[in-house]
Amino acid sequence: MLEIKNLHVKIEDEERQILKGLSLTVPKGEVHAIMGPNGSGKSTLAYVLAGRPGYEVTEGDILWNGESLLEMEPDERAAKGVFLAFQYPMEIPGVAGLTFLRTAANAVRKKRGEAELTTPEFMKVVREKAAKLNIDTEMLKRPVNVGFSGGEKKRSEILQMAMLEPTLCVLDETDSGLDIDALRIVADGVNALRGPDRAMLVITHYQRLLNYIVPDKVHVLSGGQIRKSGDKSLALELEKSGYKEYEGEAA
Amino acid sequence: MNVAVIKTKAEQAIPELFEKVADTLPGGAKAAPARREAMSRFAAIGLPHRRIEEWKYTDLRTSLKDALAPATEAGLSAEALTAALGPLAAVAGDRIVFVNGIYSAVLSTKFDSSGLLNVAPLSEALASGLANLGAIGADEGQNAVLALNAAFVTDGAVISVADGAEIDTPLLIVNVRAGKTAQSTATRNIINVGTKAKATIIEMFVVAAGATANAQANSATEIKAGDGAEVVHVKCVSDAGEVSHLSNWLVGLGTGTVYRGFQFTSGTRVTRNGINVTYGGENAKLDMSGAFLARGSEHIDTTLVVDHAVPKCESRELFKGVLANHSRGIFQGKIIVRPDAQKTDGKQMAQALMLSPDAEFDSKPELEIYADDVVCGHGSTVAEIDEDLMFYCQSRGIPPGTARALLVQSFIGEALEKIEIETLRDALTSTTLDWLDETKA
């Protein structure tokens, strides 16, 4: 279970608070969506969960399965099952996708006390998972994300997610830059990972993605706090009426 | 500037050493006048120093303190050679091997004269008259390092590829240092690739286990690539110790020649990679790239002169270096576009990744353009490891040390990707990773 308790976050060396007392609980087996206007703190939440440097938690805590994540390095969090699918996946020239995937998969396996995958084992797993995402293994011989289209980058993120077998998946604006076919492939990939042991947090600006990844709960984030929670119908409501009523500071 | 400078200890010792060994050097009486001429040229010029613009960052008067005696023959087993090559042993090809600058028939491939390809050690070519040492160094002007090379040269590979011959198997010119005595070597390769011929030539400089770490290597390669020839030419230096490596590549391209050059350097205390390329015909394409790794107080200088003497030629350069501790990297890239060389297309990039705030990178692009219808560009960057990419890797569970190694590999990988021979690219990648493992922050 993910428990975010009264989380206050600011950017290091800046005064402005971005998250101002955000509280949220996502039980295992559930998919929660976070929706909100631009600048509401959605990406900040995603980055703080994954442990990106440059953010300062001034108050509150993040517990994953009862353990605070705050003092952990990003790689330790990954070993504990946290995975962030980036809004803008990064390019790593000169490092083949397969090398990157294998290094990552074996690093988390090692930290989780599991046996590392041999090359044939790894290739078998990666081929299976890539095929489901319509990714050609030839593409994985190319450097990580270099020269990939928006859709290819997002699929490559979901492949990384599938390879690392996380238990807490955070998807930051995974729908951005995707056409409808790519969206469906990515959503299928995410849905395939849904399961009783996995919690997912889907961050999105638009309701569209939630037609494909149907959430158990929807939360509206605005002004650094959760302003409203509801079931999937809340997303449809937002699509109609917009974020207007949630703008401005919380009372 | 013609100021009489006091000769350094090395400058005084070098001519004395020459007198001692001159009579024993290959080529005998035929070569002697050229050697003596080169020596007297060196004596007049002296070691290059920082007041000479091309040597601004690499002062040999300071860094070459002693003149080391020319190396003598040393035995080396095939196993010891494989060990010395390390990851490079996996690169398949026909070998011509020099131990301490002296040809080793035992370790070399037996080349038969097919008529398409002729490979011989310079020492033998001199004796048989195949190579003309009388001409060695004849028009090499004020280059003191080449003058020293011409005076002391003991051996090297003489390679000639017949017109139209396509040599698929890479030719490996392997230089190994062995034995415990401090030493200097001078080798010279003379390579001719005929019209529309294809060849891949890889020079390797490695050190045998237990060999002296006090050494000076002076290596020169003259390569003429004929009209329409396709040449891949690589030099890998993987050394260790108080070693200086002075190298010159003299590259001449014909009409429509495609030449891909690459230089990889690691482990030497002082390196100077001089590269001179001259275009002799239109529509030639040059890609001259490289990667270097320096740590401790190592110093790696690449000084390139590309002379676009004729129109419609292309040049590309990408040099990337990783600099740790107090090390220093230098890139000087001069592109000359002569008045007639219209439609020249030249691009140059030099980049350094700094692993320490005490490292230094000096990058000096020099574009001398005398034609008006050309596309020429250059760039240079200096950066530290990207924190955002570190986070990306770590968020995938990769520990910081491994993430850093991956990102260094990423940086260097962009240059290594220029190498199309997979086994060689893999070997240099693994050399880079080993280097990173051993490099302390």
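User: Quick one to start: are α2(B) and α6(B) roughly parallel or roughly antiparallel to each other?

Analyst: α2(B) and α6(B) are roughly antiparallel to each other, with the caution that this is a predicted model. The helices, α2 at residues 28-45 and α6 at residues 144-152 of chain B, pack at an angle of about 150° with their axes 8 Å apart, and the label follows because angles over 145 degrees count as roughly antiparallel.

User: And which hand does the crossing of α2(B) and α6(B) have, left or right?

Analyst: The crossing in which α2(B) passes α6(B) is left-handed.

User: Which residues of α2(B) and α6(B) meet there?

Analyst: On the α2(B) side they are B:Arg35, B:Ala38, B:Met39, B:Arg41, B:Phe42 and B:Ile45, and from α6(B) they are B:Ala144, B:Ala147, B:Leu148, B:Ala150, B:Ala151 and B:Phe152. Divided by class, the contact of α2(B) with α6(B) has 10 nonpolar residues, no polar ones and two charged ones.

User: Switching to rings: how many aromatic pairs are there over all chains?

Analyst: The search of the whole structure finds 10 aromatic pairs.

User: Which parts of the chain does the pair of B:Phe18 and B:Phe152 tie together?

Analyst: B:Phe18 lies in helix α1 (residues 9-21) of chain B and B:Phe152 in helix α6 of chain B, so the pair ties together parts that are 134 residues apart in sequence.

User: OK, next the sheet in chain B. What is the strand order in the one with 10 strands?

Analyst: This open sheet of chain B has the order β2-β1-β5-β7-β9-β11-β13-β15-β17-β19, and its pairing is mixed. The edge strands are β2 (102-104) and β19 (375-383) of chain B, each of which pairs on one side only. On average, and with direction ignored, neighbouring strands of this sheet are turned by 10° against each other.

User: In what sense do β7 and β9 of chain B pair?

Analyst: Strand β7 (residues 198-207) and strand β9 (residues 230-238) of chain B pair in the parallel sense over eight bridges, and B:Ile201 has B:His233 in β9(B) as its bridge partner.

User: Which strands does α8 of chain B lie across?

Analyst: Helix α8 (residues 400-416) of chain B lies across β11 (258-266), β13 (285-294), β15 (314-323) and β17 (345-354) of chain B, and it runs at about 155° to β15(B).

User: How do α8(B) and α9 of chain B cross?

Analyst: The axes of α8(B) and helix α9 (residues 422-438) of chain B come within 10 Å and cross at roughly 145°, and this crossing is right-handed. Among the residues that meet are B:Val408, B:Ile412 and B:Leu416 in α8(B) and B:Leu428, B:Leu433 and B:Leu436 in α9(B). By class, the contact of α8(B) with α9(B) has seven nonpolar, three polar and one charged residues.

User: And α7(B) against α8(B): at what angle do they pack?

Analyst: Helix α7 (residues 387-395) of chain B and α8(B) pack at about 125°, with their axes 9 Å apart, and they are therefore oblique to each other. α7(B) passes α8(B) in a right-handed crossing, with contact residues that include B:Leu389 and B:Met390 of α7(B) and B:Leu406 and B:Leu407 of α8(B).

User: Over to chain A. Which strands stand at the edges of its sheet of six strands?

Analyst: That open sheet has the order β6-β9-β10-β3-β11-β12 in chain A, with mixed pairing. β6 (82-85) and β12 (225-230) of chain A stand at the edges with a single partner strand each, so one side of each is left without a neighbour in the sheet. Neighbouring strands here are turned by 20° against each other on average, direction ignored.

User: How many bridges join β3 and β11 of chain A?

Analyst: Four bridges join strand β3 (residues 31-35) to strand β11 (residues 217-222) of chain A, and these strands run parallel; the bridge partner of A:Met35 in β11(A) is A:Val220.

Definitions and conventions:
Residues are numbered from 1 along each chain as its sequence is written. Chains are lettered from A and ligands numbered from 1 in the order in which they are written. This is a predicted model: local features need pLDDT of at least 70, side-chain atom pairs count only at pLDDT 80 or more; totals for chains, interfaces and linings use all residues. Side-chain values use heavy atoms; hydrogens and water are left out. Two strands pair if DSSP finds at least two bridges between them. Helices (H or I, at least four residues) and strands (E, at least two) are DSSP runs, numbered from the N terminus. Axes are lines fitted to C-alpha atoms, for helices over the stretch in contact, and angles run from 0 to 180 degrees between N-to-C directions. Contact means heavy atoms within 4.5 Å. A crossing is left-handed if the near helix is turned anticlockwise from the far one by less than a right angle, and right-handed if clockwise. Ala, Val, Leu, Ile, Met, Phe, Trp, Tyr, Cys and Pro count as nonpolar, Asp, Glu, Lys and Arg as charged, and the others, Gly among them, as polar. Angles under 35 degrees count as roughly parallel, over 145 as roughly antiparallel, 65 to 115 as roughly perpendicular and the rest as oblique. Rings of Phe, Tyr and Trp (its six-membered ring) pair if their centres lie within 6.5 Å; planes under 30 degrees apart count as stacked, over 60 as edge-to-face and the rest as tilted.
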